[in-house]
Amino acid sequence: MCNTKIMEFSISLSEQRRKLLETYKGSSINGLSTPSFIVDLNVVKNNCRRMLQGLEAISPDLRFRPHVKTHKTAEIVRLQLDNGRKHKSVVASTISEIRGLAALVQDGSVNDILYGIPPTKSKIPTLAATAQELHTFGATLRLMIDSGLQLQFLRDYSESHPNHALPWSIFIKVNVGDNRAGQTLAASELTEVIRQAVFGKDVQLYGFYTHAGGSYSSTSANSASEYLVKEVGGVYEAAALAKSMLLPADAGRQRFVLSVGATPTAHTSAIAGESITNLFAKVMENDELEIHAGNYAMLDMQQVATGLVSPSDIAGRVVAEVITYYSDRNEYLIDAGVLALAREPGRIPGIATIMGQRVSGERWIVGRVSQEHGIITKRTETIENVLEESLDEATIPKSWTPGDRVVLLPQHSCITSSMYQWYYIVENDIVVDVFLPWRGW
């Protein structure tokens, strides 16, 4: 059996953090080496508080499972869970993230971790060892499954390792139309994986999970709510299919956990109107309903494009330095390119909106990127509807000089933040802490 220990990672990170704090605490963001990733602590707190309060207002029985993959830090998980006062469940996308949660498991803030990717065969020994160790602290590891072969791999491992006495607790992933992952309701494979989960040895079917990644294309609360209804309907139908395989008496007692969400649909849940509230209430008559989301704690420009949040809600930002001004085309060279910002297509042209030292009424974007540097260009009318200020059509004069700092709002914070070894945590642009994210797989 793999002897991986979930405790090992946090010790080395603690020592690194201590040394970084000695160097950077109290520094202004203007004094940081660039490019740097900064996180506004008060914005994160507000984002987390708003989500928790919104869900609580819908129903105190509504469950919540935040995702940790955007930030990959114990400190922000604590904010997402309000230190585990009510909710203690999370979803992680890597084994490294699960190991990083060790301190929260030990103090009881987290007791339920979902590994949010269907497990490859090669990872099962590590997952088994991790599940055993979590169990000693009263916590449960759950797995995401979307094929019968994955269940067979789990059963084979249990049969060949009699010391692994824990049953595998699983969510079945349901595809509600965006083809991100999971089986569709119409697929015969979904019926088969449910049948194996219901009747198979060494497996316990905990619930059904879906993630409407397509909701990132929403442009309003109404359009996001359409995705939310589709999510709820998909997992509810899958749960009904599972119950149809049980004896009537058993089906009447069975309550599955139905986990739905993506940041846009979670935001819609938190501001739910009467129709959504009634839908949730109907579902919770027969099953447990759980909301999951992760990006909401940090946010980014793709979330701004949904119309559900504003640029001021974005907590994680990149500080870069101006290298050169090109007067003939009114553009700037900065020391942040693909490796500092990441690159992903979005409805808002460019990677980031520029804030900080700028001409009143004007905004700029990162219009082009190379590996190590980027080009700041004039923003266009196509992003006017998601920005907070009107576009001034007058010629934009030179706003910065080489050596000036610019603050960039990322297109996709999950990917941008992963480019940095640590985050500078700031209040009023002064470093108050340093968080070290969990890297690797």
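Good morning. I begin with the largest cavity, to whose lining helix 2 gives the most, with 3 residues. Please bear in mind that the model before you is predicted. The volume of this largest cavity is about 40 Å³, and the count of cavities of 30 Å³ or more comes to 1. Its lining consists of Leu 52, Leu 55, Glu 56, Ser 59, Leu 62, Phe 64, Lys 86 and His 87. Sorted by class, 4 of the lining residues are nonpolar, 2 are polar and 2 are charged.

I turn next to the nonpolar cores. Which residues touch the most other members of the largest core? They are Ile 170, Phe 208 and Phe 280, in a core of 94 residues. Helix 2, residues 41-58, supplies the largest share of this core, 8 residues. Another core, of 12 residues, lies apart from it and includes Leu 32, Ile 38, Val 426 and Val 431.

Beyond its neighbours within four places in sequence, Phe 280 is in contact with Ile 58, Leu 62, Leu 228, Val 232, Ser 269, Leu 289 and Ile 291.

Finally, I come to helix 7, which runs over residues 148-160. This helix has 13 residues and reaches 18 Å from first C-alpha to last, close to the 18 Å expected. Its buried residues are Gly 148, Gln 150, Leu 151, Leu 154, Arg 155, Tyr 157 and Ser 158. Among the elements that cover them are helix 6 (124-136), helix 8 (188-199), strand 5 (140-145), strand 6 (168-175) and strand 8 (203-209). Thank you for your attention.

How values were computed
Residues are numbered from 1 along each chain as its sequence is written. This is a predicted model: local features need pLDDT of at least 70, side-chain atom pairs count only at pLDDT 80 or more; totals for chains, interfaces and linings use all residues. Side-chain values use heavy atoms; hydrogens and water are left out. Helices (H or I, at least four residues) and strands (E, at least two) are DSSP runs, numbered from the N terminus. The expected span of a helix is 1.5 Å times one less than its number of residues. Buried means under 20% relative accessible area, exposed over 50%, partly exposed in between (1.4 Å probe, protein chains only). Contact means heavy atoms within 4.5 Å. A nonpolar core is a set of buried Ala, Val, Leu, Ile, Met, Phe, Trp, Tyr and Cys residues joined through side-chain atoms within 4.5 Å. On a 1 Å grid over the protein atoms alone, a cavity is a set of points where a 1.4 Å probe fits but cannot get out, and a pocket is an open set with protein on both sides within 12 Å along at least five of seven lines; lining residues have an atom within 4 Å of a point. Grid points are joined across faces, edges and corners, and a volume is the space filled by probe spheres set on the points. Ala, Val, Leu, Ile, Met, Phe, Trp, Tyr, Cys and Pro count as nonpolar, Asp, Glu, Lys and Arg as charged, and the others, Gly among them, as polar.
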